[in-house]
Amino acid sequence: MKAVVCTELGLPNLLKINEIEKPNVENGEVLIKVEVAGVNFPDALLVQGKYQIVLDPPFVPGNEVCGVIEEVGEGVKIAVGTKVIGLPPIGGFSEYVSINKNLVIPVNDEFDSLVGASLPINYGTAYYALKRRANAQPGESLLVLGASGGIGTAAIQLAHIMGLKTICAVSSDEKENYVKSLGANEVVRYDNTDLKETVKDLTNGKGVDIVIDPVGGKVTEQALRATAFNGRLLVIGFANGEIPKISLNLTLVKGISIVGVWWGRWTNTSPNETAEDFTELISFINDNKLKIVPKNIYRIEEAPTALENFLKRKNIGKSVIKI
Ligand SMILES: NC(=O)c1ccc[n+]([C@@H]2O[C@H](COP(=O)([O-])OP(=O)(O)OC[C@H]3O[C@@H](n4cnc5c(N)ncnc54)[C@H](OP(=O)(O)O)[C@@H]3O)[C@@H](O)[C@H]2O)c1
């Protein structure tokens, strides 16, 4: 079968598209024929050995897929032919992936695979962050940093479903147009305006209730300074490459909480709550409240480009590989 293989740690252009053996199906596992695989920023970090988890090559990256179960191992009650969203710990960028039965979510046959492969990581993370880590309440304001990116776009869409007002920070005209197409309530061009002052103006001097920060670097402190009393800053990631160091007096004087968010780890420790969130997310889709349209659909041969775009600050919206 065809797969994207990391044979040595380094930039995405080192990835190989190779023929490798179809995986075995062990007890308790299912073999998924992958139709679409989601691509995420962490994939670009993982292949460089720069992610929280470091793997020894060779390995096949890819942590979210949508496809059809082709074979099941002993002890699995899900029927062959069932369409599923899968969360492989590794191996998603390939024609087949074998994973534990507890890491799949059955969906209807009509469920769009492009949507299924776009949902888990970005929408799972953004929903967990807003619902469970920030305890976001309707009417609150949310500043989304890196708003046109994968996490950012999921946060905008889910925030609107949850009744929040969004202020979306972006760095180019193309990114601005994209977040406007998603219904951004306000846009801040943090490439050419002062983030703190603009956000303060947009909130009548009060500041925002919640910040979702997948970017890091200098904008984190600017966002914190534009946060309201009792606000929450959600630490999602450091796409900018720089981990900010914050003076804690900023949190004291305004009663601000800086809240860490590591969705993948939480899904391991809280499977019931994870399942509950997925049920809600899928119902948002089925009820037409949430419309997910991946902006970038790549062929498997284009996987290195898909990953490079994250590192070059070029990714906009959701990226997937159609297998
Ligand atoms: N905590 C978790 O559980 C979790 C889950 C998934 C992802 N993440 C992390 O979240 C971060 C963002 O992921 P994503 O999928 O949203 O990525 P993305 O689509 O590339 O979006 C990141 C955004 O960051 C901004 N940015 C600023 N400086 C950048 C730079 N030097 N390089 C790249 N982007 C830069 C860009 O927006 P502007 O150009 O508008 O500034 C970009 O749109 C990553 O660090 C990822 O590892 C964390």
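**Entry 1: helix α6**

I started at helix α6, residues 195–202. Asp194 caps its N-terminal end. I looked up the atoms involved: a side-chain oxygen of Asp194 sits 3.1 Å from the backbone nitrogen of Lys196. I then went to the other side of the helix. I note here that the model is predicted.

**Entry 2: the ligand shell**

I listed the residues around the ligand and got 27. Which of them come nearest? I found Ser171, Lys175, Tyr190, Val261 and Arg313. By class, I have 16 nonpolar residues in the shell, 9 polar and 2 charged.

Next I checked which helices contribute. α1 (41–46), α3 (120–133) and α4 (150–161) each give at least two residues to the shell. α1 has the largest share, with 3 residues.

I also asked where the ligand lies relative to the domains. Domain 1 covers 2–119 + 292–322, and domain 2 covers 122–264. Both give residues to the shell, so the ligand lies between them.

I looked up three contacts. Tyr190 has a side-chain N or O atom 2.5 Å from an oxygen atom of the ligand. For Ser171, a polar side-chain atom is 2.6 Å from a ligand oxygen atom. Ala239 uses its backbone: an N or O atom there is 3.2 Å from a nitrogen atom of the ligand. I then looked up the ligand area. Taken alone, the ligand exposes 900 Å², and the protein buries 93% of that.

**Entry 3: β9 and β10**

I moved on to strand pairing. β9 spans residues 165–170 and β10 spans residues 186–189. The two strands pair in the parallel sense, over 4 bridges. I picked Cys168 and found its bridge partner, Val187, in β10.

**Entry 4: β15 and its partners**

I took β15, residues 319–322, and looked up its pairing with β3, residues 29–39. The sense is antiparallel, with 4 bridges. Ala37 has Ile321 of β15 as its bridge partner.

β14, residues 296–299, also pairs with β15. Do these strands run parallel or antiparallel? I found them parallel, joined by 4 bridges. Ile297 stands opposite Val320 of β15. Helix α11, residues 303–311, forms a right-handed β-α-β unit with β14 and β15.

Technical notes. Residues numbered from 1 in each chain as written. Predicted model: local features only at pLDDT ≥ 70, side-chain atom pairs only at ≥ 80, totals over all residues. Heavy atoms only, no water. Near = heavy atom within 4 Å. Polar contact = N/O pair within 3.5 Å; in protein donor to acceptor, adjacent residues only side chain to side chain. Areas by Shrake-Rupley, 256 points an atom, 1.4 Å probe, with all protein chains shown as cover. Nonpolar A, V, L, I, M, F, W, Y, C, P; charged D, E, K, R; others polar. Domains from an automatic or database assignment. Pairing = 2+ DSSP bridges. Right-handed = clockwise from strand over helix to strand, strands pointing away.
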